Amino acid sequence: MEDSRQKMAGSTPLQKGSQEFEDENGSSSMRTAETVLRLLPMGLCVVALVIMLKNSQTNDFGSLSYSDLGTFRYLVHANGICAGYSLLSAIVAAVPRPITMSRAWTFFLLDQILTYIILAAGAASTEVVYLAYKGDTAVTWSESCGSFGGFCHKATASVSVTFIVSLCYAMLSLLSSYRLFSKYDAPVELYNNKGGIEVAAY
């Protein structure tokens, strides 16, 4: 500790300026990477949303639309919410300002919530798609993709993109978790007292 203080004290103004430049450059690179990572799921959410919104089919067997299934309506709403949040969070992340504790907590909580929302939408929709392809003989549900193949293909594509969005949000959750918990001090060293019990040294 003393050696590091001596090095800092003995550094020249040129060395200090170089260190500040490196820190600022690293922070700028991190901010750019986070902004891109937050914009990526926005585009994917829009793709999944548009595919599902246009998913309807009419033939001799009748007509079927995404709006007939509550799970697919939830998928559309979840992707819309995540797209809006991704855009807003990318704008906030792109602004060069210090990351305060309140800002870190806000990103952490919202990223966690949106991750579970989009993951639940993908998981529930996967079950519906599976039943559409395979049916369920236990409750006498027959498969419907033989009659509405185009509808099932679009639904599968939308659900697949939604799971990619879930992976993006999982990465964002890890990033925001790191940003938040790195602001807290590392655990202090422990020492043994006479009874052999480890006690934190404050």
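**Helices and a hairpin in a predicted model**

Q: Where does UniProt put the "transmembrane region" feature?
A: The unreviewed UniProt entry places it at residues 36–54, 74–95, 107–133 and 153–175. The structure itself is a predicted model.

Q: What is the chain doing over residues 74–95?
A: Residues 74–95 are 95% helix and 0% strand.

Q: OK, helix packing. How do H3 and H5 sit against each other?
A: H3 covers residues 70–94 and H5 covers residues 149–181. They pack at an angle of about 40 degrees, and their axes are 11 Å apart.

Q: Left-handed or right-handed crossing?
A: H3 passes H5 in a left-handed crossing.

Q: Which residues meet there?
A: From H3, Phe-72, Leu-75, Asn-79, Cys-82, Tyr-85 and Ser-86. From H5, they meet Phe-151, Ala-155, Ser-158, Val-159, Thr-162 and Tyr-169.

Q: How many of those are nonpolar, polar or charged?
A: The contact of H3 with H5 has eight nonpolar residues, four polar ones and no charged ones.

Q: Switching to strands. Do E1 and E2 pair in the parallel or antiparallel sense?
A: Antiparallel, over four bridges. E1 is residues 56–59 and E2 is residues 62–65.

Q: What joins E1 to E2?
A: A hairpin, through two residues.

Q: Which residue in E2 does Gln-57 stand opposite?
A: Gln-57 stands opposite Leu-64.

Conventions:
Residues are numbered from 1 along each chain as its sequence is written. This is a predicted model: local features need pLDDT of at least 70, side-chain atom pairs count only at pLDDT 80 or more; totals for chains, interfaces and linings use all residues. Side-chain values use heavy atoms; hydrogens and water are left out. Two strands pair if DSSP finds at least two bridges between them. Axes are lines fitted to C-alpha atoms, for helices over the stretch in contact, and angles run from 0 to 180 degrees between N-to-C directions. A crossing is left-handed if the near helix is turned anticlockwise from the far one by less than a right angle, and right-handed if clockwise. Contact means heavy atoms within 4.5 Å. Ala, Val, Leu, Ile, Met, Phe, Trp, Tyr, Cys and Pro count as nonpolar, Asp, Glu, Lys and Arg as charged, and the others, Gly among them, as polar. UniProt positions are given in the numbering used here, feature names are shortened, and annotations may be inferred rather than shown by experiment.
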